[in-house]
Amino acid sequence: MIKKLTIHSFLQEEFSHIIDVRSPREFAESHIPNALNFAVLNDSEFEEIGILYKKNPFAARVLGASFVSANMAQHLLKLKDMISPRQPIGIHCARGGMRSQSMAIILDHIGYQVALLENGYKAYRSEVVRYLQSPLPHRFITLVGQTGSGKSEIIEAFTDSLNLEEISKHLGSSFGAILGNQPSPKMFSNLLFTRLRELENAPFVLVEGESKKIGCVVLPSILYESYQSAPKILIQTPLEKRIERILKQYGKITPMFFETAMQKIAPFMQKSYWQEAKDSFYYGDLRRVAEILLVEYYDKVYKKESYDCMISYHTIPQVIAEIMDFARKYY
């Protein structure tokens with residue numbers, strides 16, 4: 001029997017898989033994190049049905065059913081090796097209409113445990129927007145410090161952390177676009193929503209004091225204000241360690257990437273240092289490039305944050321222990 005669930009019930013269920021039956025183009029733009037795309041209509045079929053439906057709804061339904069049948073025949077062969085009929089699965093389309101119902105009916109008759117999301121992906125997106133515009137239940141501790149001080153390493157190593165750079169696929173600086181393509185704004189908010197829900201019962205959440213805009217995506221105002229007003233820890237690291245860290249992160253960038261980033265920062269650097277950094281790059285002296293950019297650009301341009309505590313970062317276990325000691329005073 002097919003269950004129909006509201007978005008709140010759907011999110012509480014422990015599905016083995018969530019199946020998104022929308023077209024590949026819709027799925028690529030944004031989707032529920034970890035959902036699988038088994039489109040019952042491909043992009044061209046979905047477009048064709050939409051055009052036909054405006055002229056002749058019955059003919060569109062007939063053609064749509066033929067497309068769905070052909071596509072489902074292929075999907076079933078894949079699903080039988082992926083999903084056990086003993087495991088509950090969630091299914092949704094864009095608005096909880098014919099596409100998701102078509103797949104649900106077939107899988108239900110075969111013997112799968114199926115739950116449909118009422119109002120589909122539209123309901124999910126409404127819940128994401130509502131959540132990110134509401135006061136958050138989390139208690140944050142925010143790491144601040146100079147570029148290359150190791151904040152990202154600490155965030156990555158800490159269990160209850162919100163890794164905004166990883167979620168946004170950007171390091172938040174002029175040279176930060178080294179993590180690949182950024183998610184769409186909708187996908188970014190979906191990923192934030194998922195992670196924040198996972199962290200709701202954490203004693204506190206460790207986050208880096210990122211700017212409101214990270215690359216091409218913008219943080220929700222409530223989240224940004226929450227961690228900006230939270231207790232802050234300054235992470236202190238010697239310049240030599242910062243240079244080593246920058247070399248490890250950025251040591252393999254291409255000349256084209258370097259040139260593009262250097263053009264962005266040109267108005268904010270003394271011309272002699274800017275030119276020396278460029279010359280050093282092409283001479284292969286990346287250590288000097290890193291030093292110039294840290295001292296003559298990042299340390300001068302980025303504002304100095306106020307903080308409640310300073311920790312010198314030597315090792316991950318040491319810095320996490322000191323963060324925990326600090327957190328006990330607040331939380």
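**Strands, core and pockets**

The predicted model contains an open sheet of five strands in the order E1-E5-E4-E2-E3, with parallel pairing.

Q: What makes strand E1 (3-5) and strand E3 (36-37) the edge strands?
A: Each of the two pairs on one side only, and E1 and E3 stand at the ends of the order E1-E5-E4-E2-E3.

Q: Why is the set of 35 residues called a nonpolar core?
A: The term applies because such a set holds buried residues of the listed types, joined through side-chain atoms within 4.5 Å; buried means under 20% relative accessible area. The largest set of this kind has 35 residues, and Phe 140, Leu 162, Leu 164 and Leu 223 have the most contacts inside it. Among the elements that give two or more residues to this core are helix H1 (7-12), E5, helix H9 (185-198) and strand E8 (205-208). Helix H6 (120-132) gives the most, with six residues.

Q: What makes Leu 162 and Tyr 331 contacts of Phe 140?
A: Contact means heavy atoms within 4.5 Å. With neighbours within four places in sequence left aside, Phe 140 is in contact with residues including Leu 162, Leu 196, Val 205, Leu 223 and Tyr 331.

Q: Which residues are closest to the centre of the largest pocket, and how many line it?
A: This pocket holds about 1,300 Å³ of space. Its lining has 50 residues, of which Gly 145, Thr 147, Lys 151, Glu 208 and Tyr 302 are the closest to the centre. A residue counts as lining if it has an atom within 4 Å of a point of the pocket. Helix H11 (239-250) provides the largest share, five residues.

Q: How do the classes divide in the lining of the largest pocket?
A: There are 16 nonpolar, 19 polar and 15 charged residues.

Q: What is the volume of the second largest pocket, and what makes up its lining by class?
A: The volume is about 510 Å³. Of its 18 lining residues, Leu 41, Ile 49, Tyr 53, Met 98 and Arg 99 are the closest to the centre. The lining has ten nonpolar, four polar and four charged residues, and helix H4 (57-82) gives the largest share, five residues.

Definitions and conventions. Residues are numbered from 1 along each chain as its sequence is written. This is a predicted model: local features need pLDDT of at least 70, side-chain atom pairs count only at pLDDT 80 or more; totals for chains, interfaces and linings use all residues. Side-chain values use heavy atoms; hydrogens and water are left out. Two strands pair if DSSP finds at least two bridges between them. Helices (H or I, at least four residues) and strands (E, at least two) are DSSP runs, numbered from the N terminus. Buried means under 20% relative accessible area, exposed over 50%, partly exposed in between (1.4 Å probe, protein chains only). On a 1 Å grid over the protein atoms alone, a cavity is a set of points where a 1.4 Å probe fits but cannot get out, and a pocket is an open set with protein on both sides within 12 Å along at least five of seven lines; lining residues have an atom within 4 Å of a point. Grid points are joined across faces, edges and corners, and a volume is the space filled by probe spheres set on the points. Ala, Val, Leu, Ile, Met, Phe, Trp, Tyr, Cys and Pro count as nonpolar, Asp, Glu, Lys and Arg as charged, and the others, Gly among them, as polar.
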